[in-house]
Amino acid sequence: GIRASDGMKARRNFTHHNGQFGFIGAGADILIEGNELAYNNTLGYNAYWGAGGSKWVFTDRLTVRGNYSHHNKGVGLWTDIDNIDSLYENNRVTDNDLNGIFHEISYRAVIRNNIVERNGFATGWPSWMDGGGIVVAHSPDVEVYGNTVTNNRQGIGGLQSNRGSGRYGAYVLRNLYVHDNTVTMSVGVTGIMQDVGSTAVFTSLNNRYEN
């Protein structure tokens with residue numbers, strides 16, 4: 001629907017029923033504010049690879065604020081590959097097929113004061129954090145707070161797999177600080193998972209869940 005690049009601002013748009021994504025983009029100082037993203041991926045692209053409400057790559061200082069992302073056949077709001085200093089705030093993310101807010105193989109981010117509801121139930125994936133309300137995957141230095149996360153397939157998750165490294169270092173779940181959120185769930189899990197054969201994500205990488 002809309003592709004954003006350096007310095008662009010996208011405000012108050014309705015991006016819906018697009019073939020693959022509502023929003024995509026790469027670059028520095030992009031603002032995505034007050035938009036509605038709905039019913040995207042009408043062509044049935046593989047949502048694990050790339051489809052749904054949005055996907056941003058290689059961004060610096062991306063701000064995603066006050067948007068409503070719902071009923072997309074994939075992830076609602078997604079930063080994937082070498083994004084740094086991302087901010088998600090005051091968004092409403094509901095009823096998407098996969099994760100609600102997903103920050104993957106990237107770096108510093110703040111995810112705060114979002115309402116995230118009923119995501120991840122399209123086919124009920126039973127493993128890992130598929131269908132999480134908010135998921136931080138293989139990304140250091142992320143803070144998640146003040147969010148209301150209600151009745152998603154999973155809650156608030158941190159993942160560590162072997163994903164190599166990027167522009168700013170290794171893709172490691174380190175310094176994840178999840179605090180002062182309200183999480184309501186009757187299925188799934190909230191917490192950290194790993195498949196690298198090391199307990200470091202639990203014991204020595206300063207990952208914390210509080211309040």
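Tutor: Strands in this account are DSSP runs of E, at least two residues long, and helices are runs of H or I, at least four residues long, both numbered from the N terminus. With that naming in hand, N211 lies in the segment after β25, and please keep in mind that the model is a predicted one.

Student: Is N211 buried or exposed?

Tutor: The general idea is that a residue counts as exposed when its relative accessible area is over 50%. Because N211 has 74% relative accessibility, it counts as exposed.

Student: Which residues does N211 touch, if those up to four places away in sequence are not counted?

Tutor: Contact is taken as heavy atoms within 4.5 Å, and on that basis N211 touches H179, D180 and N181. By contrast, the C-alpha atoms of N211 and G74, which are 137 residues apart along the chain, are separated by 30 Å.

Student: In what order do the strands of the open sheet of eight strands run?

Tutor: A strand order is read from pairing, and two strands pair if DSSP finds at least two bridges between them. Here the order is β2-β5-β8-β11-β14-β17-β22-β25, with parallel pairing. The edge strands, β2 (9-11) and β25 (208-210), each pair on one side only, and the twist from one strand to the next averages 5 degrees. Within this sheet, β8 (residues 63-65) pairs with β11 (residues 86-89) in the parallel sense over three bridges, and R65 stands opposite E89 in β11.

Student: Which are the edge strands of the open sheet of seven strands?

Tutor: They are β3 (14-16) and β23 (182-184), each of which pairs on one side only, and they end the order β3-β6-β9-β12-β15-β18-β23, in which the pairing is parallel. The twist in this sheet averages 5 degrees from one strand to the next. At the β23 end, β18 (residues 148-150) and β23 pair in the parallel sense over three bridges, with T182 of β23 as the bridge partner of T148.

Definitions and conventions
Residues are numbered from 1 along each chain as its sequence is written. This is a predicted model: local features need pLDDT of at least 70, side-chain atom pairs count only at pLDDT 80 or more; totals for chains, interfaces and linings use all residues. Side-chain values use heavy atoms; hydrogens and water are left out. Axes are lines fitted to C-alpha atoms, for helices over the stretch in contact, and angles run from 0 to 180 degrees between N-to-C directions. Buried means under 20% relative accessible area, exposed over 50%, partly exposed in between (1.4 Å probe, protein chains only).
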